[in-house]
Amino acid sequence: MKGKARMPGVLALVVVLLACGASAARAEKVAVVAVGTTFLNLNPLTHIVSTMRVMNNILFDGLTRFDDASYQPKPDLAESWTVSKDGLEYVFKLRRGVVFHDGSALTAHDVKFSWEVICHRDNARMADAYIDHYVQIKGCREFREGRAEGVEGLEVVDDHTLRVRLVEPYAPFLVSTALTGILPRAKYQTIPVKDLFRHPLSRGPIGTGPFMYVDWKEGDRLVMKANPRYHRGRPKLDGLIIRFILDPATRLVEFKNGTLHFAFFAPVAPDDFAAAQSDPRVVAKAYAGVWNYLFVVDHTNPLFKDVRVRQALAHAFDRQSILREKWGGQGAVINSLINPGLSPAAARIPVPAYDPERARTLLREAGWTPGPDGVMQREGQRFEFALLNFPGAVKDMAVLYQDALKKIGLAARLETVDFPTIWGVRFRPGKFEALSFPWPSGFYPDPGVGLYAFLCANSRTGYCSKESDALIVAGRSALDPAERARTYAKLQELWARDVTVIHIVSPGDLRLASPRLVLPDRPTDFLVMKSVFEWDLKE
Amino acid sequence: MPVLLGIGLVSFAIVRLAPGDPVALLVDTSLLSPAELARFREQLGLTGSLPAQFARLVGELATGRLHSLRTGQPVLEVLLDRLPVTGALLGSAIALALILGVPAGVLSARRPYSRLDNCLTVAALGGLSLPSFWFALVLMWVFAGLLRWLPASGTGPTTKLEYGALDMVPYFVLPTLVLALSILPPIMRYTRSAMLEALGQEYVRTARGKGLSEWRVVYRHALRNALLSVVTVVGMLLPILVGATAVIESVFAMPGLGRLVVEAAVSRDYPTIMTLNFMTAAVVLVTNVLVDLTYVLLDPRIRLE
């Protein structure tokens, strides 16, 4: 009798032990992602570039999100919103039950606090976010200039309702709300904004995202674990480690060893990409490129003031050949600063044909004739100039430009300096002559984002057109999608006519991935990173 | 102290003379009003005359209040956080180079112009000629990529959220090897030269004449005198080795001081650059003192005054 009574208990114990063994045997699913840059800070309210591009939708959430190819804003922390007919008022209903990583509940006060930090006068590091996204909020400018105690246009109606009033209609506003992570007011409000950047809570932040901060060894790795209380459910991954591996050869070896699963902001050489396509240890992925390689001239320089000279330059480059030889044929040749994925008109702007003869004719019309050494000259002045560039692919492209320009009689002299010198000092009207430079477009899912850089007041190229300024402002103010599309089409036609910059190529973003990693299908690697909640690792 | 201050002054001048504005790398300055820009510069300690900025920088460094322009973190904290990686690399590289280089130099000296000596000479020349970054990539490809005996980069496994010192050992093998091989040839050659000179001295002939074993003659008598030159060359190679860590740590993705130097230089992070320069100068000065002390240990005829 005793033996029989003992049997069910033993069986139950065996079942429990087997179950424990099985769960212990299941390895943690931790994806390792390399980035080809370093992070300075993890606070989305004090540092925009690397943090917001990578960490939003990982550590943090915005009111909306963009994580698929439709480029339509989806509810995230806001479960719904209404927009007034004039586009000046938004009312966001926040999702209930959302908690921060420390367990505190999200309320509209946290959203108001977070956005006010960006508008704050002591937050100079967020100047581009302020200009691009937040200055349109009523009262933000006054608050930043110290003329108001708070941002008048941000009103907490109740714990889960936020009313936002704008000074003018701003079509990309919902992009802004996707890009800014929300932080808990209770934890951050006691920190003076000028000290926020260096505060420990900016290095070990608290957000609402699908992953929670665990540890950050600067220059080595950022370790995060799955947030079991995430409002969309627990992520499939148990953890995510971001490693800062700057050298592409090192990343390639790590991929082949199976110790790296994806890389973001991390270019792969076309040769390595081609080789990876037949290597079972890695998966080669080509995404739509977000970088345009440009030949930029200073419009205030007498050499380049005449539009016929700029048109001649546009005909000097064999773009298809450059794309083939330098970038393995991966990418596109377009003639617009706006990504075709965001504005169909971009693909319709004609690309100047490679026509050195036409280029020489245009130069002759502008008064330039070949000198005894073959270099164009006019009134005793040779057409020679410095072609500024920085090391890497940009310099490689500059060498190609130099070669192409020689064929039409222009003498470009390479001047290689480091990026900080170019961006901080030289890329200003009057400080350079010509420049080989990559410009991003397509990071953010709205054609109006980032165009503030081409207004006369901010122009680095010296190009200034009242018509262009008016179209940029009109484009971001128009709420009707069809009207916006027409406005951006006109803007791109104007830029093509004026030859604001000479577009060369937009190489595809070549990436490697582990065959174990299950990635959502997205057109850009930026959108893939925004979808990390959906990632999975096969055994 | 005066030497350190002088070095600090020179490096401050060089860094400030270099083109590039750190503020422009942190924010698009065209978007800030003059008042905003002035306030931001003041927050970063970039206002006032250059002598005033230098004095402020030295004062903040001495009191531990100096912050990185790039990350906002206390510079001393950042340096101390990164020091163990570089310290471990340098220490093990020097040890390995001495363990391999000194015996190789002794062997060469004992059989000058033999086939062994010629092979070691060629190997030394090859080691001096090959760029360390190339060598690093080759070793990584062979041992991590093809053979998969060692990890390719980093300082610890990514399969664990926490790991101990023993877990880190495999990650230091390749970088240590590359660094050691960069100073091994000069150590070997200097040992060889010093040994050849020592072995030609009369006291060596006397020692042999007295019937001492060859081992005793070479290692107890000749090598001890030859080591003075070896110690001197190690002291001279240390700054070169420190510079090499910038390349090695970047290739192997290790968060050490060498990589920090690159990051700071690229972003014009003046406080970090200055502190690193001070620290490097201090290390070189201390190393010179240690070299002098080692002379006393090796040669009882030398006295400290």
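Predicted model: local features only at pLDDT ≥ 70, side-chain atom pairs only at ≥ 80, totals over all residues.

Biologist: How many disulfides turn up over all chains?

Modeller: Searching the whole structure gives 2 disulfides over all chains, and if the bonded cysteines of chain A are numbered in sequence order, the pairing reads 1-2, 3-4.

Biologist: Which cysteine does A:Cys119 pair with?

Modeller: The partner of A:Cys119 is A:Cys140, with 2.0 Å between their sulfur atoms, and this link is left-handed, with -110° about the S-S bond. The pair ties together distant parts of the chain, since A:Cys119 sits in helix α3 (residues 108-119) of chain A and A:Cys140 in helix α5 (residues 140-144) of chain A, 21 residues apart.

Biologist: Is A:Cys119 buried or exposed? And what about A:Cys140?

Modeller: A:Cys119 is buried, because its relative accessibility is 0%, and A:Cys140 is likewise buried, at a relative accessible area of 0%.

Biologist: Switching to chain B, why does B:Cys119 count as partly exposed?

Modeller: Its relative accessibility is 49%, and partly exposed covers what lies between under 20% for buried and over 50% for exposed, so B:Cys119 falls in that middle class.

Biologist: Back to chain A, then: what is A:Cys456 joined to?

Modeller: A:Cys456 is joined by a disulfide to A:Cys464, S to S 2.0 Å, and with 100° about the S-S bond that link is right-handed.

Biologist: How accessible are A:Cys456 and A:Cys464?

Modeller: A:Cys456 has a relative accessible area of 22% and is partly exposed, whereas A:Cys464, with 52%, is exposed.

Definitions and conventions. Residues numbered from 1 in each chain as written. Chains lettered and ligands numbered in written order. Heavy atoms only, no water. Disulfide = S-S within 2.5 Å. Helix = DSSP H or I, 4+ residues; strand = E, 2+ residues; numbered from the N terminus. Buried < 20%, exposed > 50% of the residue type's maximum accessible area, 1.4 Å probe, protein only.
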